[in-house]
Amino acid sequence: MFSLVKCQMKRGVSILKFYTAKNDIVFKTIMLSHQNILKKIIESILEEEIEDLTVLNNELTIINVKSKRRIVDIYIQIKNLYVNVELNANPKEYTNIRNSSYLFTIYSEGIKKGETYFRLKEKEFVGINLTYHSGKNIKEEYYLQTKEGTKFIHNFKIIEINMEKIRVEWYNLTKKEKERYKYLYMLDLDKESLMKFTRKEDSVLKEYEEALLKINQNSNYTPFITDEEDEMLMYKSDMQIAKRDGKIAANIETAKALLAMGVNTIEQIASATSLSVEEINKLKEGLEN
């Protein structure tokens with residue numbers, strides 16, 4: 001299977017780390033091995049009962065030789081509904097762009113050779129993002145539509161679940177909300193909190209507890225990407241963002257200086273700073289005001 005839980009050192013004492021389903025590999029391992037748990041989670045998000053689901057291949061088609069492998073977290077089919085579930089424990093600026101690209105690929109793969117676009121219309125596509133971040137609402141739904149609310153595509157939407165909001169606001173939720181979100185709330189409970197929470201007479205909660213404890217007790221288990229490697233990947237991505245933003249800020253200051261001098265045309269300044277003519281005009285308007 002997979003291979004163990006690492007130990008951390010705290011004041012010279014070795015401490016066994018307890019992994020929750022906030023860990024991407026733990027999440028996928030449990031969901032794919034215990035589809036009854038996955039089913040309950042999807043039902044709580046869609047807010048409707050589902051009879052059955054089918055787990056599909058989570059490696060998406062590579063469009064051309066320059067494309068990298070694209071492996072989604074969970075990809076399932078429920079009758080004519082296709083659902084991509086992504087767990088974002090540490091959301092970044094590029095997370096929504098990456099997740100959307102997965103869903104667009106799934107949508108484009110929805111029509112097979114020999115079918116018509118009318119067949120594609122009969123299918124529905126939903127991207128579910130389980131995201132840990134600060135935000136106003138637990139659940140948000142996004143569509144491709146006009147400002148007035150007219151949908152551009154009727155069978156395509158993204159549902160974002162704010163996992164951090166559920167965790168922080170749990171004791172302030174109504175009884176109905178707790179019942180709806182309990183299977184999401186359990187995903188990042190530590191061992192002690194989980195065992196208290198699963199005292200309730202709920203077979204799915206018990207199944208999840210047993211599955212999670214089994215993973216943490218497995219001496220052959222270890223996430224494919226350790227916390228240190230994950231932190232390094234995020235650090236490199238953040239550095240790339242900072243470098244890009246710093247370069248943009250420097251170009252803006254250069255453009256302002258050239259505008260103040262008044263010796264160059266808008267097009268020349270745009271060419272020298274890699275900013276668009278529209279951006280230069282906005283800077284000019286700001287300086288004049």
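Colleague: Between which two strands does the loop that holds lysine 79 lie?
Modeller: This is a predicted model, in which local features need pLDDT of at least 70 and side-chain atom pairs count only at pLDDT 80 or more, while totals for chains, interfaces and linings use all residues. Residues are numbered from 1 along each chain as its sequence is written, and side-chain values use heavy atoms, with hydrogens and water left out. Helices (H or I, at least four residues) and strands (E, at least two) are DSSP runs, numbered from the N terminus. The loop that holds lysine 79 lies between strand E4 (74-78) and strand E5 (81-88).

Colleague: Does lysine 79 count as buried or exposed?
Modeller: Lysine 79 is not a glycine, yet has a positive phi of about 60°. Buried means under 20% relative accessible area, exposed over 50% and partly exposed in between, with a 1.4 Å probe and protein chains only. The relative accessibility of lysine 79 is 63%, so this residue counts as exposed.

Colleague: What is the phi of serine 274?
Modeller: Serine 274 is in the loop between helix H10 (266-273) and helix H11 (277-288). Its relative accessibility is 64%, so serine 274 counts as exposed. Although serine 274 is a residue other than glycine, its phi is positive, near 65°.

Colleague: Which residues does threonine 20 touch, not counting those up to four places away in sequence?
Modeller: Threonine 20 belongs to the loop between strand E2 (13-16) and helix H1 (24-33). It counts as buried because its relative accessibility is 12%. Contact requires heavy atoms within 4.5 Å. With residues up to four places away in sequence not counted, threonine 20 touches Val26, Leu187, Asp188, Leu189, Asp190 and Leu212.

Colleague: Which strands stand at the edges of the sheet?
Modeller: Two strands pair if DSSP finds at least two bridges between them. The open sheet has 6 strands in the order E3-E4-E5-E6-E8-E7, with mixed pairing. Each edge strand has a single partner strand, so one side is left without a neighbour in the sheet; the edge strands are E3 (54-55) and E7 (139-143).

Colleague: Which residue of E8 is the bridge partner of glycine 127?
Modeller: Strand E6 (residues 124-131) and strand E8 (residues 156-162) pair in the parallel sense over 7 bridges. The bridge partner of glycine 127 in E8 is isoleucine 158.

Colleague: At what angle does helix H3 run to E5?
Modeller: Axes are lines fitted to C-alpha atoms, for helices over the stretch in contact, and angles run from 0 to 180 degrees between N-to-C directions. Helix H3 (residues 95-108) lies across E4, E5, E6 and E8, and its angle to E5 is about 160°.

Colleague: Which helix gives the most to the lining of the largest cavity?
Modeller: A cavity is a set of points on a 1 Å grid over the protein atoms alone where a 1.4 Å probe fits but cannot get out, and lining residues have an atom within 4 Å of a point. Tyr132, Met163, Ile166, Arg167, Leu184, Tyr185, Asp188 and Leu189 line the largest cavity. Helix H5 (163-169) and helix H6 (175-185) each supply at least two residues of this lining. The most, 3 residues, comes from H5.

Colleague: Which elements each supply at least two residues of the lining of the second largest cavity?
Modeller: The lining of the second largest cavity consists of Asn84, Glu86, Asn99, Ser100, Leu103, Gly127, Ile128, Asn129 and Ile158. Elements that each supply at least two residues of this lining are E5, H3 and E6.

Notes: 1 Å grid on protein atoms, 1.4 Å probe; cavity = no way out; pocket = protein on both sides within 12 Å on 5 of 7 lines; lining within 4 Å.
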